[in-house]
Amino acid sequence: MIQKVRPHPSQNEPLLFELSSPGKRGYQLPELDVPAADPAVELGGENVRSEIEDFPEVSEVEAIRHFTRLSSWNYGIDLGLYPLGSCTMKYNPRVNEAVARLDGLSWIHPYQSEDLSQGAMEIVAALERALAEITGMDAVTVQPAAGAHGELAGIFLVRAFLESRGNARKRVLVPDSAHGTNPATVRMAGYEVANAASNERGMVDIEALKQMVDEDVAAMMITNPNTLGVFEEEILEIGRILHAKGALLYMDGANMNALAGIARPGDFGVDAMHLNLHKTFSTPHGGGGPGAGPVAVKRFLEPFLPLPRLKRSDAGWRWDYERPQSIGRVRAFYGNFGVLVRALAYIMAHGGDGLKRATLDALLNANYIRKRLEPHYEIAYPTPTMHECVFSDRRQAAHGVGTGAIAKRLIDYGFHPYTVSFPLIVRGALMIEPTETESKRELDLFADAMIAIAQEAEENPELVRTAPHSTRTAKVDEAGAARRPVLKWRRTT
Amino acid sequence: MLDTLGMGRLEDLYAQLPNQVVLKGPLNLPAGKSEYEIVDYFRARGAENRHDGPSFLGAGVYRHYRPALVDAVVSRGEFLTSYTPYQAEISQGTLTSIFEFQTMMCQLTGMEVANASMYDGSSAVPEAALMAMRARPGSGRNRVLIARTAHPEYRETLRTYGRFGAIEVEEFGYDRQSGQADLTDLERKLDQRTAAAIVQSPNFFGIVENMKQAAALAHDKGALLVAVFTEAVSLGLLAPPREADIVAGELQSFALAPSYGGPLAGIIACKEPFARQLPGRLAGETKDANGNRAFCLTLAAREQHIRREKATSNICTNQALIALMATVFMAVYGKEGLRELALQNLSKAHYLGGKLRRRFNGPYFNEFVAVVEEPEQVNQRLEHQGIIGGLPLGRFYPELKDAMLLCCTETSRRTDMDAVAAAMSRAEACATL
């Protein structure tokens with residue numbers, strides 16, 4: 001039975017452009033206290049546009065209704081469990097939003113003098129210290145703007161280090177269960193990708209790895225726990241194999257929320273890694289960004305970190321640009337400061353014990369979901385689960401119901417779907433990550449929904465295949481969108 | 001719940017971890033704090049930053065008024081706490097706003113396609129350069145030329161990507177009178193291996209570039225023109241760079257607080273033929289099963305989660321929430337408002353610019369370079385009056401040690417601009433003594 005939702009009316013709303021009528025305005029500017037400049041004179045007539053054709057013209061009330069109506073067509077963590085595996089959709093505490101908006105933190109310019117920015121620099125330094133402690137690494141840069149950007153900076157600095165040793169090498173090993181960003185990053189850093197196979201336990205195959213690692217291998221990018229939610233139990237051996245050939249161990253820290261407080265990558269052989277502050281440290285995903293992707297490294301890689309670095313002087317914090325071995329800038333300014341503030345607030349609220357407790361709760365919730373669903377869905381690997389569990393749709397597929405259909409049917413039950421068809425090594429994957437912030441009540445509602453869908457798949461597969469049935473927007477034709485791309489609104493006359 | 005799992009204690013949940021791997025003690029972090037203590041800590045840090053009073057800094061991050069509507073919209077949990085809109089049926093809010101955003105970006109830039117946003121303007125530039133290289137597959141064009149008038153930190157970012165991603169980056173100079181990119185130098189350096197010329201307008205000195213001519217020169221040698229902007233408000237008044245093939249820009253001016261330089265949001269827009277080379281997310285229009293208009297992410301075959309090492313970029317998410325802020329901002333100001341806002345910026349900058357000795361004579365929007373003998377000292381003097389002055393340029397341009405970049409926006413008051421002019425003229429008087 002569908003317990004979490006029932007239908008309610010939702011408003012229709014045209015696009016801004018269709019809502020517009022000439023002369024409407026939603027803004028007020030003060031009267032100019034200086035003479036008005038003549039654009040044609042000051043800029044030259046050829047440099048001035050006559051108008052912004054078809055740009056919207058709406059009133060303030062129309063604008064707020066427009067966006068509020070749009071918002072009501074979205075699902076968010078604030079509405080319920082959001083079990084996207086690998087994405088770590090946990091509750092975003094609102095105090096973090098409040099502090100990031102304080103005038104003293106939001107109205108500071110990156111080029112105002114260092115003496116006038118000491119509070120901001122201290123926040124960056126405090127976050128770097130905390131992340132170094134949590135990861136067991138020696139140095140942290142918070143510059144990268146997102147996880148994929150952190151990966152890129154991380155592999156750049158692996159390359160810069162190896163170049164400094166006289167040979168950049170050719171290849172980076174990426175497990176077949178890895179996020180797509182890993183191989184894409186490797187290419188952008190000028191390396192070839194070599195896929196490392198997983199064994200029957202869902203872990204890196206050590207014997208195969210030994211065969212692959214030679215003097216042409218620059219590094220291995222490993223996610224631990226991996227995307228199956230499985231801890232790589234041979235991680236120490238993996239590090240030894242790579243290091244013996246002079247290659248580095250890079251860790252994708254997407255799943256650091258399974259380790260914070262119970263194990264540290266710096267203690268298990270990792271040389272460099274990135275973190276996703278929007279996952280483990282709960283900064284809001286915002287419909288897809290902004291995030292932040294700090295990179296943490298061992299001491300020997302510190303000289304290669306991006307510019308600039310924080311440096312303590314007698315007069316307080318300074319930005320240090322005199323770092324000849326640095327990979328250089330990966331972006332303008334110092335990082336996604338507003339996101340860093342939120343992450344530090346999250347760490348402060350938890351403290352060391354709280355972070356560990358959050359990790360344990362995440363493990364508990366994932367294992368609880370696994371336990372409840374295992375009789376109904378086929379678990380992909382029998383290996384112990386950390387923070388997320390991955391099932392295969394094999395049993396349901398026998399009735400013609402795939403993971404994509406089960407996901408859409410879940411929407412009718414009031415939940416956002418899990419991650420569909422990833423990792424690629426699992427046939428028809430259902431990747432479920434409940435996170436620590438869900439109550440048993442919400443987890444049970446979710447498990448009940450999943451079990452009900454498993455039953456529907458057997459008794460009424462058509463019902464599942466044609467889902468969702470209760471959303472204001474019915475199943476969306478994605479193939480049609482790609483076949484004939486319409487990427488902007490056009491006036492139809 | 002532990003009983004359900006047949007476990008005695010929470011620690012059993014990670015019993016599979018090898019003993020050597022398990023952290024033995026507690027993390028060395030302060031104990032957890034209450035909400036009040038956290039607010040208190042950040043208030044105290046905020047008080048250590050100068051954040052009130054007038055400022056004349058621009059240089060890629062601008063101080064514009066943020067309409068109250070913006071935070072009201074982006075604070076809604078349905079926007080704030082949602083993920084990338086893969087599940088179109090329950091993400092129409094985000095998808096619709098992205099579609100509107102893409103449309104407005106095309107209207108502003110004169111391009112035919114715009115993506116759903118990038119991390120920021122600086123990282124959009126190397127992504128645009130890589131796009132230009134891909135647009136000419138097999139042509140061996142792996143060289144890009146960037147004007148020295150482009151933002152120095154954007155150029156540094158491009159060089160980093162170039163060093164590791166096999167883009168040969170070369171700069172071309174600027175005209176010492178006009179402050180515009182030296183297009184003769186560009187013409188000299190363009191060759192058969194050049195994938196793109198990259199020109200920012202208004203440039204780092206605030207000066208409007210001749211994009212038509214730059215485009216003609218680039219196209220003549222079979223290269224593309226990448227137009228860059230850091231001050232989005234300028235597009236309310238300036239002719240869009242229609243001659244360019246790709247536009248890479250920064251949207252901070254559209255409702256983002258300076259926030260010490262991040263988060264920001266970038267954009268890449270382009271002409272139709274290059275659409276499939278775009279990095280990042282794209283929203284497209286389609287229909288749902290009932291025939292109603294709907295939107296979804298599309299052309300994902302370019303992206304890393306489908307194509308892995310063959311993707312156009314490793315970029316995963318965009319800056320959706322910030323793109324939404326920009327969308328709300330553009331809706332609030334609208335057609336007339338954005339023009340009036342740009343006009344106020346132009347007028348303020350020309351009021352102050354008219355009182356000072358300017359280094360360059362090219363047309364400028366809301367920033368300009370003033371000649372000041374001792375820019376650091378002038379800034380200190382202004383600081384005593386509670387005013388943050390301009391950016392001394394010697395740090396980025398050794399030949400401009402005696403120059404300062406000043407920015408005026410709609411928030412600059414006449415009295416403060418008069419104070420800046422007075423401080424500058426005193427500096428000049430001292431210098432001539």
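Domain bounds here come from an automatic or database domain assignment. With that in mind, select chain A and colour it in three pieces: domain 1 (16-73), domain 2 (96-348) and domain 3 (354-480).

Before going on, two notes on what you have open. This is a predicted model, where local features need pLDDT of at least 70, side-chain atom pairs count only at pLDDT 80 or more, and totals for chains, interfaces and linings use all residues. Residues are numbered from 1 along each chain as its sequence is written, while chains are lettered from A and ligands numbered from 1 in the order in which they are written.

**Stop 1: chain A as a whole**

Switch to cartoon view. Chain A has 16 helices and 13 strands; these are DSSP runs numbered from the N terminus, with helices being H or I of at least four residues and strands being E of at least two. Its radius of gyration is 25 Å, close to the 23 Å that the globule rule gives for 493 residues, so chain A is as compact as a globular protein of that length. (That radius is taken over C-alpha atoms, and the rule is 2.2 Å times the number of residues to the power 0.38.) Along the principal axes, the C-alpha atoms of chain A fill a box of roughly 75 × 70 × 45 Å.

**Stop 2: domains 2 and 3 of chain A**

Domain 2 of chain A puts 19 residues into the contact and domain 3 of chain A puts in 18, where contact means that the C-beta atoms of two residues, placed from the backbone, lie within 7 Å. What classes of residue are on the domain 2 side? You'll find nine nonpolar, eight polar and two charged residues there. (Ala, Val, Leu, Ile, Met, Phe, Trp, Tyr, Cys and Pro count as nonpolar, Asp, Glu, Lys and Arg as charged, and the others, Gly among them, as polar.)

**Stop 3: a pair of helices**

Select residues 403-412 and 440-459 of chain A, which are helix 13 and helix 14. Their axes come within 10 Å and cross at roughly 125°. Axes are lines fitted to C-alpha atoms, for helices over the stretch in contact, and angles run from 0 to 180 degrees between N-to-C directions. Helix 13 and helix 14 of chain A are therefore oblique to each other: under 35 degrees counts as roughly parallel, over 145 as roughly antiparallel, 65 to 115 as roughly perpendicular and the rest as oblique. Show side chains next: A:Ile406, A:Arg409 and A:Leu410 in helix 13 meet A:Ala449, A:Ile453 and A:Glu456 in helix 14. The residues of this contact divide into four nonpolar, no polar and two charged.

**Stop 4: where the chains touch**

Bring chain B back. Here 162 residues of chain A are in contact with 156 residues of chain B. Which helix gives the most to the chain A side? Select residues 337-373: that's helix 11 of chain A, with 20 residues. The chain A side divides into 90 nonpolar, 42 polar and 30 charged residues.

**Stop 5: backbone details**

Zoom in on A:Pro290, in the loop between strand 6 (272-275) and strand 7 (295-297) of chain A. The peptide bond from A:Gly289 to A:Pro290 is cis, with omega near 5°. Hop over to chain B, where another cis peptide bond joins B:Ser201 and B:Pro202, with omega about -10°. B:Pro202 sits in the loop between strand 4 (194-200) and helix 9 (211-220) of chain B.
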